Amino acid sequence: MKLSDYVRLLALAAIWGASFLFMRLSAPVLGALPTAFFRVSLGAIGLAVILVFLRTHIDFKGKLKPIMMLGLINSGVPFLMYSVAALLLPAGYSAIFNATTPLMGVLIGWLFFSDSLTLKKSVGVLIGLMGIALLTSTGPVTLSMSVVMGALLCLVATSCYGAAGFLTKQWVADKGGLDAKLVAFGSQIGATLFLAPFFAISAAVNPPISWGNPQVWMAMAALGFVCTACAYILYFRLIADIGPVRSLSVTFLVPPFGVLWGVMFLGEHFSVAHLYGGGLICLAVWCVLSKSTPKVASKENPAPD
């Protein structure tokens with residue numbers, strides 16, 4: 001890897017780590033559903049602008065429908081889960097739980113896609129579960145039903161990411177593939193269309209008490225344009241340059257940035273539980289990703305934020 005690759009990897013980790021900060025700023029004011037909807041819709045707009053700027057020929061080659069379904073699984077549901085979790089958990093917690101994406105990929109692959117579960121993978125999953133238990137039970141936030149619910153919502157999101165990796169291979173990659181930028185764009189369209197009716201009903205029946213202030217909408221703009229649109233382009237470019245396995249090493253780097261931004265800008269507290277729980281989860285991810293024949297990690301896994 002070149003120095004520029006390391007710089008881009010750190011930049012991507014910082015951007016995705018900041019997404020949990022922006023959700024923590026937006027969701028309590030606008031609500032979880034509007035936050036998720038505006039994130040995917042602004043992400044779709046941002047990607048459309050990027051495609052026009054790059055003069056990318058937009059041809060989905062008959063794959064738009066499955067790509068939109070992927071958007072539901074890879075963006076619509078996970079972003080909603082993380083937006084609800086932002087009401088229950090500190091930003092640093094959600095960022096650390098996001099690192100379980102490869103672990104969920106292992107379990108999803110074993111349960112539903114006939115992927116082998118090796119001893120090393122099994123050990124990684126067990127270590128990851130220990131890290132989750134340690135973080136939720138001994139962290140700076142008192143263990144409660146809301147904390148447990150927030151953790152479960154994050155795990156639902158990472159399970160969706162894990163499933164989407166296998167579905168991307170079956171629905172897109174194994175059928176001739178497609179420009180990664182178009183996959184990202186189509187998926188955000190699908191996520192937007194999925195969340196739009198729920199958002200409309202919610203806004204009509206139970207609108208937010210406040211539609212926010214400039215700070216909230218700056219956070220939303222950063223969440224949609226930077227943490228979604230630009231981050232997808234950067235991530236897929238890294239995959240092209242350094243490969244999917246090395247690109248997934250960003251999973252190790254997102255939690256420190258997520259915790260750092262929470263401490264710096266939200267006044268969240270850092271404790272040894274972040275270090276020990278997050279360390280165990282990162283060790284678990286290493287066990288999963290450092291295998292000699294990286295089949296799971298190379299299945300075009302989607303972006304984990």
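Predicted model: local features only at pLDDT ≥ 70, side-chain atom pairs only at ≥ 80, totals over all residues.
Trainee: How far does helix α5 reach from its first C-alpha to its last?

Mentor: Helix α5 covers residues 101–112, twelve residues in total. At 1.5 Å a residue, a span of 16 Å is expected. The helix comes close to that, and its reach is 16 Å.

Trainee: Which helices are included in what covers the buried residues of α5?

Mentor: The buried residues of α5 are T101, P102, L103, M104, G105, V106, I108 and G109. Their cover includes helices from several places in the chain. Those helices include α4 (91–98), α6 (119–138), α7 (145–171), α11 (250–266) and α12 (272–289).

Trainee: Which residue with a positive phi follows α5?

Mentor: The helix itself is made of residues 101–112. What follows has a phi near 55 degrees, and the residue is S114.

Trainee: How many residues apart are D241 and R8?

Mentor: A search of the whole structure finds five salt bridges. One of them joins D241 and R8, with the closest N and O atoms 2.9 Å apart. This pair links distant parts of the chain, as D241 is in helix α9 (residues 214–242) and R8 is in helix α1 (residues 3–30). Their separation is 233 residues.

Trainee: Is D241 buried, partly exposed or exposed?

Mentor: Buried would need under 20% relative accessible area, and exposed over 50%. D241 has a relative accessibility of 37%, so D241 counts as partly exposed.

Trainee: Why does K121 count as buried?

Mentor: K121 forms a salt bridge with D115, the closest N and O atoms being 3.2 Å apart. D115 is buried, with a relative accessible area of 14%. The cut-off for buried is under 20%. K121 counts as buried because its relative accessibility is 4%.

Trainee: What is the relative accessible area of D179?

Mentor: The side chain of D179 meets that of K181 in a salt bridge, at 3.3 Å from N to O. D179 is partly exposed, and its relative accessible area is 31%.

Trainee: Which side chain does S75 join in a polar contact of 3.2 Å?

Mentor: S75 lies in helix α3 (residues 64–85) and counts as buried at 0% relative accessibility. Leaving aside residues up to four places away in sequence, S75 touches V40, L70, L80, Q188, A191 and Y232. The polar contact of 3.2 Å is with the side chain of Y232.

Terms used:
Residues numbered from 1 in each chain as written. Heavy atoms only, no water. Helix = DSSP H or I, 4+ residues; strand = E, 2+ residues; numbered from the N terminus. Expected span 1.5 Å × (residues − 1). Buried < 20%, exposed > 50% of the residue type's maximum accessible area, 1.4 Å probe, protein only. Contact = heavy atoms within 4.5 Å. Salt bridge = Lys/Arg side-chain N within 4 Å of Asp/Glu carboxyl O. Polar contact = N/O pair within 3.5 Å; in protein donor to acceptor, adjacent residues only side chain to side chain.
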